[in-house]
Structures are given as structure tokens and as C-alpha cells.
Amino acid sequence: MLRLIAKIYSRLKIYSAKIFISLILALIGTIASIVLPQLVKLITDEIASGISKPMNINQVLYYSGLAVIFLAGGSLLTFIQNIMLVHVSQLMGRDLRTEINAKLDRIPLSYFDTRQTGDIMSRITTDIDIMVNALTNNLSAIVTSIVVLICASCIMLYMNVILALVTVITSIIFLNINKFLMGRSQPYFIKQQMLLGKVNSLAEEAFNGHSVIKAFNNEDRIKALFEAGNDELYESSRLSQFVSGIMQPIMTAGGLIAQFLIVFVTSNLILSKSEGVTLGVMVAFMTYSNIFSQMLINISQFISFLQPAMASAERIFELLEEPEISEITSPEKENNNNKIMGDVKFSHVKFGYVPGQIIIHDFSADIKSGQKVAIVGPTGAGKSTMMNLLMRFYDLNDGKIYFDGVDISTISRERLHDFIGLVPQDIWTFEGSVKDNIIYSSKNISDQNLNDVLKASGLDYSVKALPEGVDTIINDISSLSSGQKQLITIARAMIKNSPVLILDEATSNVDTRTEKIIQSALDNLMKGRTSFVIAHRLSTIKNADLILVMNNGDVCEAGTHDELLAKNGLYADLYNSQFAQNF
Amino acid sequence: MKNIFRQIKAREYIWLVIALVLIACQARLDLLFPEYIKNITLLLQNNNTPFSAIVPLCLAMLACAGANLLCGVGSVYFTAKLASIIAKRLRTRTFDKVIDFSLKEVNEFTVPSLLTRCTLDITQIQMFISMLPMIIIRAPLTGILAVINLSKQNYIWTGVIASIVLIIIIFVIFLITSLTPRMKIVNKLTDKLNQVSFEHISGIRVIHAYNAYDYQAKRFNDVNAPLTDTNIYVNSRMSAMYPVLTFFQSIPGIIIYVTGAYMIMSLADSSAKLALFSDMLVAFFYSGIVINAFMIITLMLIQLPRLLVCSGRVNEVINSPVSIQDGNYSGEIAKSGTIEFNHVSFKYPGAGANSLDDISFSVSRGQTVAFIGPTGCGKSSLLNLIPRLYDASEGRILVDGVDVKDFNLADLRSRIGYVPQKNILFTGTIADNINFSGNNNNLERASEIAQAKDFIEARPDSYNSQVEHGGGNFSGGQRQRLTIARAVSKSAEIYLFDDSFSALDLVTDKKLRQALREEFQDATILIAAQRISTIINADKIIVIDKGRIVGEGTHSELMQSCPLYQEIAKSQTGQD
């Protein structure tokens with residue numbers, strides 16, 4: 001807890017002047033709220049004494065004027081300090097978001113394999129929002145509440161000890177009753193959230209699986225399932241709503257009882273002619289008791305807001321403090337004058353995503369510059385894994401990978417990535433124009449370049465058909481098929497124009513006819529470059545210089561198409577099954 | 001709104017009435033308190049009052065506080081009950097309605113929107129209903145009672161309180177409405193931020209591969225900066241609310257005091273002065289209570305527009321008609337296993353062009369018919385028309401000799417085993433998923449045909465293993481085989497496979513098809529596919545392009561006659 005507060009504080013340091021000023025303003029503002037009941041008391045007594053004697057109206061007006069000035073001044077100061085705090089906390093939120101976003105690029109990819117996307121996203125948006133709001137609403141509230149609490153207690157004690165004790169003790173008792181109830185209601189809320197989530201995911205599945213439910217006449221069963229979940233949710237939401245709802249009447253009753261006690265005790269004191277106890281004192285104490293319990297509520301609210309805010313802070317800093325990818329500090333042989341050849345050599349590579357679970361046991365292959373290498377094999381054989389390793393997305397458990405004879409673990413990732421164009425298995429486009437999606441981070445791309453690539457990737461026709469051509473924004477509304485999106489990812493690699501190319505199932509979402517159209521473009525692209533092709537459809541890789549057949553993380557066969565067919569092994573099996581003669 | 005109240009039944013109306021009565025009592029009790037204080041002050045002004053005269057009044061105050069607590073707790077109990085039950089009914093009705101929808105309606109609304117309507121929107125409604133009795137009873141009643149009590153005493157003070165209430169309402173409404181457009185921008189930018197973050201995380205490999213760190217940082221900043229600016233704009237103006245309200249809460253008390261002082265001064269009689277003084281104290285306390293009540297109601301009413309949107313969205317679902325209904329053919333329909341398409345055209349709702357155009361063919365019992373063509377050619381749409389997931393726009397589809405529109409839907413669908421293009425699985429056990437229609441227990445046989453037996457039985461709990469949300473704990477190929485097992489566990493006369501072998505490797509694909517044919521010799525099988533190898537042995541292959549039939553025949557016939565088919569075949573075998 002303290003550790004977290006220290007971390008938050010360290011981020012607020014740059015704003016410390018603003019925070020300091022706003023706290024000062026808050027303190028001055030609170031003085032107004034403390035002085036006000038005193039003025040009310042003075043006015044009440046002044047008027048009361050005007051009943052039997054002539055009224056000193058000037059005194060009444062003087063006190064009233066003071067009251068208005070204090071009220072207006074206090075409100076104004078509170079407003080100004082609120083604005084300052086909004087600025088500070090929002091700016092801190094902005095900086096944290098930027099920082100996390102940059103952090104994403106520096107943590108190992110394995111982090112993303114083991115976590116849900118939604119979970120990481122909620123740290124960037126929801127968690128920061130919660131923290132920022134807690135800061136905006138509570139930082140000044142907590143300070144001023146404590147000050148008011150102390151000052152009000154002192155003034156009350158000064159005015160009358162017995163009445164002060166009565167007020168303070170009643171407020172504290174009711175606050176504790178409320179705290180007790182709040183603790184009791186927590187499990188109901190947790191249960192309600194859980195059941196709400198359950199009903200939610202039930203509905204999500206049912207709506208997404210609508211066609212299946214219909215086709216299998218399963219409507220009644222799914223409705224009954226939902227109804228059962230809904231019944232449970234009803235019961236728990238009724239309870240949690242009730243438990244949280246009764247806090248308010250309890251606090252109201254607490255206030256009334258405090259008022260009753262004040263009236264009861266003051267009456268007794270006034271009638272027994274106690275020194276200095278007047279009707280004004282009674283009115284003032286009633287106001288103080290209101291203020292007092294309000295401040296206690298503020299503080300208890302702050303504590304209840306603090307818990308989720310701290311949980312959020314924890315999650316934010318957890319991500320920010322994730323260990324980063326090891327990056328070599330003094331890269332060797334980064335001589336830009338060297339011509340990049342594109343030789344790739346795998347030497348006894350051993351790797352597993354999870355410690356203790358080795359997937360690639362002993363992978364070796366020697367690929368010469370300009371070769372077209374195909375990697376085939378059943379699902380889960382480790383084909384994409386090998387490409388991930390070549391990109392240094394993961395670090396090897398054992399063995400080495402050499403690029404132009406240099407161990408890739410001594411080349412900086414950025415430089416390595418500059419050499420390699422990747423078309424990944426999962427189609428990735430972002431909400432932006434077709435043009436932006438293709439050019440992406442490549443620099444100095446002319447329109448001519450872009451047009452050439454559009455033509456080569458077979459996109460030119462379909463892009464022309466889009467409402468705004470290359471400037472059409474890719475989103476849920478614009479109806480780009482997954483095939484077209486995949487072509488965009490290919491075009492992206494084409495425009496990058498790097499010496500090595502990886503095509504990981506790059507045409508899996510393109511129908512066979514379109515595939516044929518771009519196959520020639522891909523062949524052109526691969527000419528003179530070292531290229532790795534992972535493909536299901538074996539027809540597309542027949543002309544590869546080298547086919548590596550992988551099974552269970554190892555190369556089990558290697559050779560050209562004809563050599564492998566002659567071997568009559570796994571490759572021949574896979575190839576022949578594409579044209580199985582018996583349905 | 002009307003629909004919300006339609007969910008209330010007679011018994012619950014009693015709850016509502018009880019809640020309202022209790023709240024009314026509370027409002028009355030709220031105002032009783034200052035009366036007691038006034039009476040006590042009157043007594044206190046007289047120096048000769050014995051303390052025993054004050055005790056009964058004080059006890060009455062205590063009783064008043066206790067009664068207030070009871071009424072409060074009671075009304076919360078009944079409102080919570082009422083709000084929860086209405087929410088529950090609305091949820092069930094909305095959900096049931098969506099299940100009754102045909103795919104056409106589901107697609108028109110879209111799944112995410114339906115989900116929001118079924119869950120978040122209804123939660124909003126529930127929250128509002130639980131505040132409703134407070135809004136319609138407590139604040140207005142407190143206000144009215146206070147005005148009645150006060151006007152007997154002094155019109156000026158009534159006027160002061162009323163005008164402050166008015167100022168508060170106008171201020172809050174002005175503040176909120178003037179900020180609403182910006183708040184909408186905040187929501188939009190937050191969505192955008194989510195979108196960019198999602199893209200960042202899902203595309204992390206691409207970002208690394210392209211060293212696109214700066215590019216991505218700029219995209220993020222393009223949203224982050226305006227989001228922060230708008231947030232600062234909205235929140236700093238919003239933060240005026242609390243100080244301004246505090247100011248107006250205390251101002252009427254001071255005005256009442258000052259005017260009271262002048263009025264007291266103008267009176268001659270000291271007992272009249274005393275009476276007015278106590279009235280002034282009452283008015284002072286009233287002003288706090290009334291302004292508080294109206295402040296709460298204003299803050300609640302701000303949410304009204306939002307509620308109207310939510311309830312409108314829920315209503316839209318509940319009132320929307322279901323386009324596909326049972327037919328009314330009453331006779332027995334023989335299970336002959338035939339399918340016939342008669343000049344069928346189909347257009348997706350809202351689409352410009354037909355997805356299927358003038359399709360005619362017929363299939364007889366025990367035949368295997370395959371459909372092939374480029375992505376988006378209409379193969380899936382065609383299969384969807386047979387179990388009436390969609391209705392044809394033109395033409396007739398006959399199953400077992402009867403128009404599908406005349407069938408009882410459950411009867412029609414019980415004749416069909418369907419494997420959708422998407423691998424849809426449900427949370428539950430493997431057994432639940434395979435035996436989805438709930439009337440067959442031949443799990444092992446079905447899994448064996450679907451080539452799923454091995455990997456199912458390799459799991460520790462075998463058929464009772466859990467399937468996680470969306471089948472996330474199975475690979476794509478395994479999911480596909482489970483959906484096939486689900487279809488073949490049903491003894492149907494017609495089986496539809498919508499591109500259902502795409503995620504299987506070729507060896508498994510082949511084994512599966514062999515098992516299918518052996519098991520279901522009499523069944524009619526329709527397959528939509530991408531791979532020639534999957535359909536090479538079909539009795540009839542129908543080639544579709546842009547929604548039209550461009551070729552029909554066996555593999556060898558089409559290799560002779562259909563250029564598109566030849567092209568597809570060549571591209572897949574590499575035999576140029």
C-alpha cells in the first residue's frame with residue numbers, strides 16, 4: 001500500500017507546485033465552512049435577543065453579509081482548486097497511458113501469449129480512469145475532511161464539552177454501523193457481479209451461436225438455461241440492492257438522532273441556566289453535527305474508493321514493471337556498408353514457449369541466399385514457431401541462428417527486423433486508410449511505388465471498387481473481405497522490400513483463383529530473396545528450392561518436391577491425400 | 001416506458017404502493033422534526049418551563065427518527081424487489097425474443113448491440129426504477145408539504161425557497177446539457193483508444209516485425225491527447241457543480257434570517273415576536289430539507305434521457321416482429337430425403353445485389369452434392385436457406401417434396417444435421433456440445449465418425465471435459481471436428497456441411513469423409529467446400545460464381561466443360 005502510494009507520488013512530483021497550491025486553496029475554503037455555523041449562531045442569538053429588547057439590525061446585517069462573503073469565497077476557492085486537480089490528475093493519466101503504450105513494445109511476446117487481450121486493454125483504459133477519478137475526487141476531499149473534522153471538533157469542544165461529546169460519539173456510532181453493513185454487503189456485490197458476468201456470457205454465446213441453436217431445435221433448452229441464470233441473478237441483485245440501499249436511511253436516521261440528542265441536552269442546559277448555552281448554540285451544533293457526519297462519510301467513502309483505485313494502481317504498475325526484452329547494448333558488426341546477403345542458418349535450435357515444455361528439439365537447416373524454402377507439416381509441428389525464432393520474438397533455449405553468418409542474438413532486433421518482411425498467419429489491419437495500412441511504417445514511398453504494389457498484389461481492382469479508393473478507412477463498416485485484408489498484409493510486406501521474406505500461411509484466406517493471381521506476384525517478389533513459405537496447399541510450394549517437412553518440432557524430411565515424393569514418406573502422404581481418390 | 005410497467009404484475013403493484021406509502025410517510029416525518037424543534041424553542045424562550053414539559057416532545061422526536069428509519073428501510077426493501085423483478089422479466093423477454101428471431105433480425109441488430117440491450121441497458125433501467133419512488137414521491141411531496149406549512153406562515157420565505165430551487169434546477173440542467181456533446185466525444189475517444197490499444201496488442205508481432213514503434217505511438221497519441229483535453233474540459237466545468245450547490249444550499253437560510261429580523265422588528269407584541277421567531281427557525285430548517293430533496297431529484301432526472309434511450313432500445317427488440325414463422329402444412333410429410341431448388345434468389349437484408357440468383361437444382365435421396373466456388377460466391381447462403389435460417393427472396397425450396405415455408409420449423413430442422421462455417425461451441429462439457437439437440441446418447445459413435453474420438457478420449461475427463469468459452473481450449477481443427485460430431489450425432493435424413501473441412505489436415509479430411517459415407521448410406525449430403533480434394537467424388541458438383549450456377553456435373557465432366565472449375569482445380573494441384 002505505502003509502496004504504491006510512493007509510486008503514485010513519484011509520478012505526481014512534476015505537478016507538486018500545482019498540488020501544493022490547490023491544497024492551500026482547499027484549506028482556506030474549508031475555513032469558510034467551519035466559520036459559517038458560528039455566524040449562524042451569532043445571528044440567531046442576535047435575533048433572539050431582539051425579541052425582548054430592541055433589535056440590533058445592523059449587527060444582524062453585518063453577520064449575514066460576512067456569511068455570504070465566506071460562502072461565496074469558499075465556493076470559489078473550492079472551484080479553483082478542483083480545476084487544478086482535474087488538470088493534474090488527467091495529465092498524469094495521459095502520461096501513464098503513453099508510458100504503458102510504449103511499454104507494450106518492450107515486453108517479451110510471451111507476455112501476450114499468457115494474457116487475455118481484454119485484460120491488458122483494461123489496464124490502459126479502465127484502470128487508469130479509475131485511478132485518475134480517485135485522485136480528482138479524493139485527494140482534496142480527504143485533506144479538507146480531516147482538517148474540517150479537527151477544527152469542528154475543537155470549536156464544538158470550546159462551545160460546550162458535553163454537546164461536543166454527544167455529537168462526535170453519535171456520528172462515530174452511526175459511521176461504524178454503516179461500515180459494518182458495507183462489509184456485510186461486499187459478498188453480495190461480488191456475487192452479483194459474478195452472476196451478471198455469467199448471464200452475460202450465456203447471452204453472448206447464445207447470440208453468436210444463434211444459427212446452431214435454431215438448426216438443432218435447441219431454443220427451449222437455451223431459454224431454460226438463461227432463465228435459471230437469470231433467477232439466480234434476480235435473487236442476488238435484489239439482496240445487494242437492498243443492503244446498499246439501506247445505508248442512506250440509516251445515515252439519515254443517524255443525523256436525526258444526533259439532532260434529537262442535541263435538542264434534548266441543550267434544552268436541559270438552557271433550563272438549568274447553564275453558562276453560555278443559548279438557542280444559537282443549539283442551531284450551531286445542529287449544523288456542526290451535519291458537517292461532522294458529512295466529513296466522516298467523505299472519509300469512509302474515500303476509503304471505499306481507495307480500494308479499487310489501489311487495485312487499479314497495482315495492475316498499472318505491474319505492467320509498467322514487467323521485465324523487458326533483453327536488448328544487446330553494444331551490437332557487434334553493425335556495419336551498414338556490408339551488403340545483406342540473406343543467408344540463414346539454424347544450428348541445433350531447441351525451444352519451448354513454456355519452461356519445461358520443449359517443442360523444438362533439435363532443428364538445423366542451412367539456407368543459402370536467394371533460396372525459396374518451404375516449411376510443411378501437420379498443424380502444431382512448429383512451423384510458425386521457427387519463424388518466430390528467426391524474428392527473435394522469443395529467445396532460444398539452446399542452439400544458434402545465424403544471419404549472414406552473424407549470431408542473431410548479437411544483432412539488435414530493430415536491425416534484424418529491417419532485413420525481414422513478414423506476412424503473419426493472423427491477418428492484422430488497423431482502423432486507418434487502405435493506403436496507411438499498406439505503407440505502414442515504411443518511409444519515402446511514392447504514389448508510383450504504391451500503385452505498383454497494388455497491382456502486383458492483385459489489389460488494384462478491388463481497391464478501385466471501394467468508395468474512396470486507397471483512402472477508404474478499414475473498419476467494421478467498410479466491407480473488406482478477409483481475403484482482401486490478407487492481400488493488404490502481403491502488399492505491406494511487398495512495399496517494405498526487405499532481403500528476406502516470410503510468408504506464414506499468407507494466402508489461407510484467399511480463394512484459390514485469387515491465390516493464383518497473386519502467386520505470380522509472390523514468385524516475382526521472392527526472386528533474388530531468401531524466402532520462407534509456410535503453406536497448407538502443397539501445390540503452391542512445389543517449385544521451392546528446399547522443402548523442410550516438420551513433425552513434432554523437428555525436421556523429419558528435407559529436399560525438393562521430386563526427391564521427397566520419391567522418398568514416399570510423410571510429404572508424399574500429405575501430398576497424395578490432397579488428391580485422395582475415394583470420397 | 002410503457003413496456004417497463006407492463007412487466008409489473010398485480011402482486012408487485014402492491015409492493016409499489018407499499019413503497020410509495022412508506023416514502024410518503026418519510027417525507028411527512030422529515031418535516032415533522034422542525035415542528036418539534038419549533039415547539040421546544042417556544043417553550044425554552046419561557047424561563048419558567050419545567051424540563052418535564054420538554055421530555056414528551058423530545059421522546060416524540062426520537063420516535064419520529066425511529067419511524068423514519070423503519071419507513072426508509074421498508075421502502076428500500078420493496079423498491080429493490082420491484083426493480084429486480086422488472087429487470088429480470090425484461091431480461092428474459094429480451095433474451096427469449098432474440099432466440100425467437102431469425103438470423104435476419106439478429107444480423108440487422110448485430111450481436112454486440114443485442115448483447116448490450118439484453119444486459120447493460122436493462123441494468124440501467126433497473127437502477128433507474130429503484131430511484132423512481134424517490135423521484136415521483138419523496139421530493140415533490142416534501143416540497144408541497146413544506147410549501148403548505150410555510151405559506152400558512154410566510155409567503156416571502158416560500159418564495160425564497162422556491163426561487164432557489166428553481167435556480168438550482170436551471171443551473172444543473174444547463175451545466176449538463178451544455179457538457180453533453182463533449183461527454184459524447186469523450187465516449188467516442190475512449191472507444192477509439194480501446195480500438196488502438198486492441199490493435200496494438202493483437203498486432204504486436206507485426207509492429208515488431210515492421211519496427212513500427214513510432215508509428216504506433218503516434219497513432220496512440222493522436223487519440224490520447226484529444227481525450228485528455230476533452231476530459232479536462234468536461235471535468236473542470238463539472239467540478240463547478242459541488243461548490244455552486246453548496247453555496248445555494250446555505251443562501252436561503254441567511255435570507256430567511258435577514259427578512260425574519262426585519263419582520264420581527266416591525267412587530268410590537270412580544271408574544272407575536274416570539275411566534276414569528278420560532279416560525280423563522282422552522283423555515284430555516286425547512287429550506288435545508290426542501291433544497292436537499294430537489295437537489296437529489298435534479299441529479300436523478302439528469303439520467304432520464306439516458307433511461308429513455310435504454311428502454312427504447314430494449315423495446316425495439318421486444319416489439320420487433322419475427323420474420324420466419326412456422327408454416328401451416330398439417331399433413332404427415334414422408335421422409336424421402338429429397339431437396340429441390342426452384343428458381344431461388346436470395347438477397348441479404350439491406351444488400352444491393354442478390355447473393356443468389358435464379359438457382360435451380362434437385363437432389364435425391366442418398367446423393368452427395370457439392371458446391372464449390374470462390375469466397376463470397378453464395379455457397380453458404382445457399383445451404384442456410386434449407387433449414388430456413390434465412391428465407392429465399394424469390395423461388396421455392398422443397399424438402400421431402402414440401403415447401404420449406406410450409407413446414408413446422410422444428411419438424412424441418414429435425415430432419416437436418418447442420419455444420420456451420422464458423423466453429424461455434426458452447427461452454428459446458430464435450431458431451432453437452434455433441435449431444436446438443438438433447439435426444440441422442442451415441443457420443444462415441446458420433447465422435448468416431450467425426451474423427452474426434454482420439455483427442456476427446458485423450459483428455460483426462462474424456463466426454464465430460466469442459467469446453468471453455470468459444471471452445472478456446474481446443475485447436476481450430478478439433479473445434480471443427482466437434483461441430484461435425486454434433487451434427488452427425490443427430491439421426492437426420494439430410495446433412496449440410498458448410499465449408500466444414502477447411503481446418504482439417506488432408507488425411508483427417510479423407511478419413512472423415514469415408515466414415516461419413518459408410519455410416520449414412522441413405523442420407524442426402526450437401527457439402528460446400530474450397531478444396532477440390534474434398535468433393536472430387538461427389539455424385540454431383542455444382543460450381544457457383546457470383547451467386548449463379550456456372551457448372552454442374554461430376555468432377556471429370558466439369559474438368560471438360562467448366563472453365564472456372566478447371567481453373568480452381570489447376571490452382572490447387574499446381575498442374576498447369
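**Figure 1. Buried residues of helix α5 in chain B.** In this predicted model, helix α5 of chain B covers residues 111-118, and the residues B:L114, B:L115, B:R117 and B:C118 within this helix are buried. When α5(B) is seen down its axis, the buried residues fall within an arc of 165°, so they line one face of the helix.

Figure 2. Once the neighbours within four places in sequence are left aside, the residues in contact with B:C377 are B:I544, B:D545, B:K546 and B:G547. B:Q325, by contrast, stands 52 residues away from B:C377 along the chain, and the C-alpha atoms of these two residues are separated by 28 Å.

**Figure 3. The position of B:P181 in helix α7 of chain B.** B:P181 belongs to helix α7 of chain B, which takes in residues 155-202. The proline counts as exposed because it has 9 C-beta neighbours inside 10 Å, where the exposed class requires 12 or fewer. Although B:P181 and B:V234 are 53 residues apart in sequence, their C-alpha atoms are 9.8 Å apart in space.

**Figure 4. An open antiparallel sheet in chain A.** Four strands of chain A form an open sheet in the order β2-β1-β4-β5, with antiparallel pairing. Strand β1 of chain A, made up of residues 344-351, pairs with β2(A) in the antiparallel sense over five bridges. A:V349 has A:F363 of β2(A) as its bridge partner.

**Figure 5. The side of chain B that touches chain A.** The contact between the chains takes 126 residues from chain B and 123 residues from chain A. On the side of chain B that touches chain A, helix α3 of chain B (residues 51-100) gives the most, with 24 residues. Sorted by class, this side of chain B comprises 68 nonpolar, 45 polar and 13 charged residues.

**Figure 6. The domains of chain A and chain B.** In chain A, the domain assignment gives domain 1 as 2-320 and domain 2 as 344-429 + 501-577, and the C-alpha centres of these two domains are separated by 59 Å. Chain B is divided into domain 1 (7-319) and domain 2 (339-573), whose C-alpha centres lie 56 Å apart.

**Figure 7. The fold of chain A as a whole.** The secondary structure of chain A comprises 19 helices and ten strands. Chain A has a radius of gyration of 36 Å, well over the 25 Å that the globule rule gives for 583 residues, so the chain is more spread out than a compact globule. Taken along the principal axes, the C-alpha atoms of chain A fill a box of roughly 120 × 65 × 50 Å. Of the 583 residues in chain A, 43% are buried, and among the contacts in chain A with a separation of 6 or more, 78% are accounted for by residues 24 or more positions apart.

Conventions. Residues numbered from 1 in each chain as written. Chains lettered and ligands numbered in written order. Predicted model: local features only at pLDDT ≥ 70, side-chain atom pairs only at ≥ 80, totals over all residues. Helix = DSSP H or I, 4+ residues; strand = E, 2+ residues; numbered from the N terminus. Buried ≥ 20, exposed ≤ 12 C-beta atoms within 10 Å, placed from the backbone. Domains from an automatic or database assignment. Rg over C-alpha atoms; globule rule 2.2 N^0.38 Å. Contact = placed C-beta atoms within 7 Å. Nonpolar A, V, L, I, M, F, W, Y, C, P; charged D, E, K, R; others polar. Arc of directions from axis to C-beta. Pairing = 2+ DSSP bridges.
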